[in-house]
Amino acid sequence: MLAGHSIIAALTLVWAASTPPGAATADTQASYKAAIIYNIIRFANFDAAGPSVLNLCVAQGDTMSPALKDLAGKRVGQRQLDVRTVAVPADAAACDIAYVGTDAAFRRALPRTALSIGEAPNFAASGGVGLV
């Protein structure tokens, strides 16, 4: 199932990358990525009997944090998205979804059931959704 999401993410990033050089600021690029991440989340299957909130986690200090915080309150099916900043590995236990960027330690701290989205080389090969 997640392989299809990798294709969607890759195609969307190709579209976003086609913006002429200098036209997109770092904030704009982060907003594009956040929109891609939201669409990946929308297409993922989560336990319908789960709580009414899905926790999207991002590591403290990650440059994507402000853009991902803008997703807080959005609907994913019947559930609402909450965005949390994770400062220590123990906080990762409550994550349903995590943007880990290239932070391998953060990813290792996630529950095995969490949907992980990252940008490290070969990230998708290790079971996560890789942004190209």
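**Exercise 1.** Decide whether N55 is buried or exposed in this predicted model.

*Solution.* Step 1: the relative accessible area of N55 is 9%. Step 2: buried means under 20% relative accessible area, exposed over 50%, and partly exposed in between, with a 1.4 Å probe and protein chains only. Step 3: N55 is therefore buried.

A note on the model: residues are numbered from 1 along each chain as its sequence is written, and side-chain values use heavy atoms, without hydrogens and water. The model is predicted, local features need pLDDT of at least 70, side-chain atom pairs count only at pLDDT 80 or more, and totals for chains, interfaces and linings use all residues.

**Exercise 2.** Find the element that holds N55, then list what its side chain reaches.

*Solution.* Step 1: N55 belongs to strand β1; strands are DSSP runs of E with at least two residues, helices are runs of H or I with at least four, and both are numbered from the N terminus. Step 2: the N55 side chain makes a polar contact with the side chain of R84 at 3.1 Å. A polar contact is a pair of N or O atoms within 3.5 Å; within protein, one must be able to donate a hydrogen and the other to accept it, and residues adjacent in sequence count only if both atoms are side-chain atoms. Step 3: the side chain of N55 also reaches the backbone oxygen of A94, at 3.0 Å. Step 4: leaving aside neighbours within four places in sequence, the residues in contact with N55 (heavy atoms within 4.5 Å) include D82, C95, D96 and I97.

**Exercise 3.** How many disulfides does the whole structure hold, and which residues does a disulfide join?

*Solution.* Step 1: a disulfide is a pair of cysteine sulfur atoms within 2.5 Å. Step 2: the search finds one, joining C57 to C95 with an S to S distance of 2.2 Å. Step 3: C57 lies in strand β1 (residues 53–59) and C95 in the loop between β3 (79–86) and β4 (97–101), so the pair ties together parts that are 38 residues apart in sequence. Step 4: the angle about the S-S bond is -105°, and the link is left-handed. Both cysteines, C57 and C95, are buried.

**Exercise 4.** Which charged residues sit over the rings of Y38 and F123?

*Solution.* Step 1: a charge sits over a ring if NZ of Lys or CZ of Arg is within 6 Å of the ring centre and within 35 degrees of the ring normal. Step 2: K74 has its charged end over the ring of Y38, 5.4 Å from the centre. Step 3: R107 lies over the face of F123, 4.1 Å from the ring centre.
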